[in-house]
Amino acid sequence: MLLVGILLCYLLGCSVLFAIGKKYTLPEIIGFSFLIGIGIESVFLFVLDVVQMHYSTTILIGLNLLCIVALTYKYSVNVQYLKDRLSAFVPKPNTINYVALFLFCIIAYLFYAIMLKNLFWPPAEGDSITSFDKLGRIMAIEGKLKISLFQYNLQGAAGIYPPLFHGSFAYVYIFGAETPKIIITLFFLSLLLLFYQFVKSYVGATAAMLFTLILMATPELYAHAALALGNMPTAAYICAGVLSIYTWMDKGDKKYFWLGAIMMGFTVWIRSDAIAFVAASLFIVFLYTLKSKDFKRLLLLGAFTIIPFIGWLLYVKLKIEMPQASRFNFAIGYSAERMSTMLGYIKAYLCAVSYREVHGGQLFGIVFISFFTALLINIGLTFKNGAKSIFGNHSFLLLFIAVSFALYFTEFYLINEDVQAATIASLMASSFKRGMFYFIPLVLFYTATCYSSKVVFDKLEKYRTAS
């Protein structure tokens, strides 16, 4: 039954995907289908709880089939197009990019290794055992979202988190899974496939494979690909959402706007603190639409992102009856000691240096160093070529990174240490460290596709094909 549940999830996501647009690459079909599908499955669980219907495989299969049939009936999926995409993905011998193939083999081996660990090593992380996995298991057993653990305050820290992540655990448990970590593997696969495709659309397969390998081999991110925690899956949604919106802004393909809106909606449906990224995306789209004065897209993006955020807050307040606002101290003012501690950790993460118990280089490798190097090179090139020719629409991406980082930093600065039962130092060394995952695909995308990188990779590509 587990395979049935996963297949239905993919088919549901694929049906929505082809209702939005018709032409996709195979990595986009696989990556987006899962992220959309598992997000909708969690919405099903939420709605069933609201209408007080208990979960069961029969109900979920029925809901999935109903939605799939309705979508494919109105927006027929071109099966021949899918076959063509699959055949196009298999290169002919005389067109094989052997450099990209070699890099792909390394990526495939690393993915195989982490997949085996997920399949045979059950959740062992403290936050998962006390919250995410426990919530998913009991949801599957009791058939509802507000489980009995809330009566005794045993739900754990993630009890008030939006339901997408632990709801995905409940979904596979309902279909008979012994461990939910197949979900982690599929989130990781979607992240890699979509990042690869977005980079490839700008600089080709060689650079896309290289930077996908760098993304995958980022030490802390790769470690979390085998942990039942929600930060890496959140990074997958942010990557898909932000790069879809960027592609829409850069190329004008409307289907990427809708995909970006859906992905950003699910971003706050998996973690409420990701509202910083939603706010940044709304700000960037606002700036983008200022020229045309057509704010319809901004309003649509706002609807897709704010409604799930407000909806979950209302559910927590009215049904679970656990307030979240008390977790922040808005009267904290300026604290030099707090600011110094936070900036010390940020310097360690961004500059690959040591601070207290962390070392940024050991956690994130060359990710941020390569980003700042590329950024400085491109700033230098503006004196010769001009800022517009060097940065172009990348300025929107860079502004998004800066604004979202500032907002995410502010969230942590305002955290009430007493309510959180943790010092700001421990939060920066753990929670903020994991939050850095959200920026890794974005800065690597810029590093791979910026002006100087495109010049280098274009020359390498000409040399490769000439030889």
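This is a predicted model: local features need pLDDT of at least 70, side-chain atom pairs count only at pLDDT 80 or more; totals for chains, interfaces and linings use all residues.
You'll find Tyr112 in helix H5, which covers residues 98-120. Together with Tyr109, Leu116, Leu119 and Phe120, Tyr112 makes a nonpolar surface patch of about 570 Å².

Now for aromatic rings. How many aromatic pairs does a search of the whole structure find? The search gives 46. Take Trp269 and Trp312: their ring centres are 6.1 Å apart and their planes meet at 85°, so we call this pair edge-to-face. This pair links distant parts of the chain, with Trp269 in helix H12 (residues 254-270) and Trp312 in helix H14 (residues 296-320), 43 residues apart. Are these two buried or exposed? Trp269 counts as buried at 5% relative accessibility, and Trp312 counts as buried at 1%.

Next come Phe412 and Phe432, with centres 5.0 Å apart and planes at 80°, so that pair is edge-to-face. Phe412 belongs to helix H19 (residues 394-413) and Phe432 to helix H21 (residues 424-435), so the pair ties together parts 20 residues apart in sequence. Phe412 is buried at 5% relative accessibility, and Phe432 is buried at 0%. Both belong to a cluster linked by ring pairs, along with Phe277, Phe400, Phe405, Tyr408, Tyr438 and Phe439.

Finally, two lysines. Lys251 lies over the face of Tyr202, 4.5 Å from the ring centre. Lys255 has its charged end over the ring of Tyr24, at 5.4 Å from the centre.

Terms used
Residues are numbered from 1 along each chain as its sequence is written. Side-chain values use heavy atoms; hydrogens and water are left out. Patches are made of residues with over 30% relative accessible area and no salt bridge: like charges are joined within 9 Å, nonpolar side chains (Val, Leu, Ile, Met, Phe, Trp, Tyr) within 5 Å. Accessible areas come from the Shrake-Rupley method with a 1.4 Å probe; for residues, only the protein chains shown count as cover. A salt bridge is a side-chain nitrogen of Lys or Arg within 4 Å of a carboxyl oxygen of Asp or Glu. Helices (H or I, at least four residues) and strands (E, at least two) are DSSP runs, numbered from the N terminus. Rings of Phe, Tyr and Trp (its six-membered ring) pair if their centres lie within 6.5 Å; planes under 30 degrees apart count as stacked, over 60 as edge-to-face and the rest as tilted. Buried means under 20% relative accessible area, exposed over 50%, partly exposed in between (1.4 Å probe, protein chains only). A charge sits over a ring if NZ of Lys or CZ of Arg is within 6 Å of the ring centre and within 35 degrees of the ring normal.
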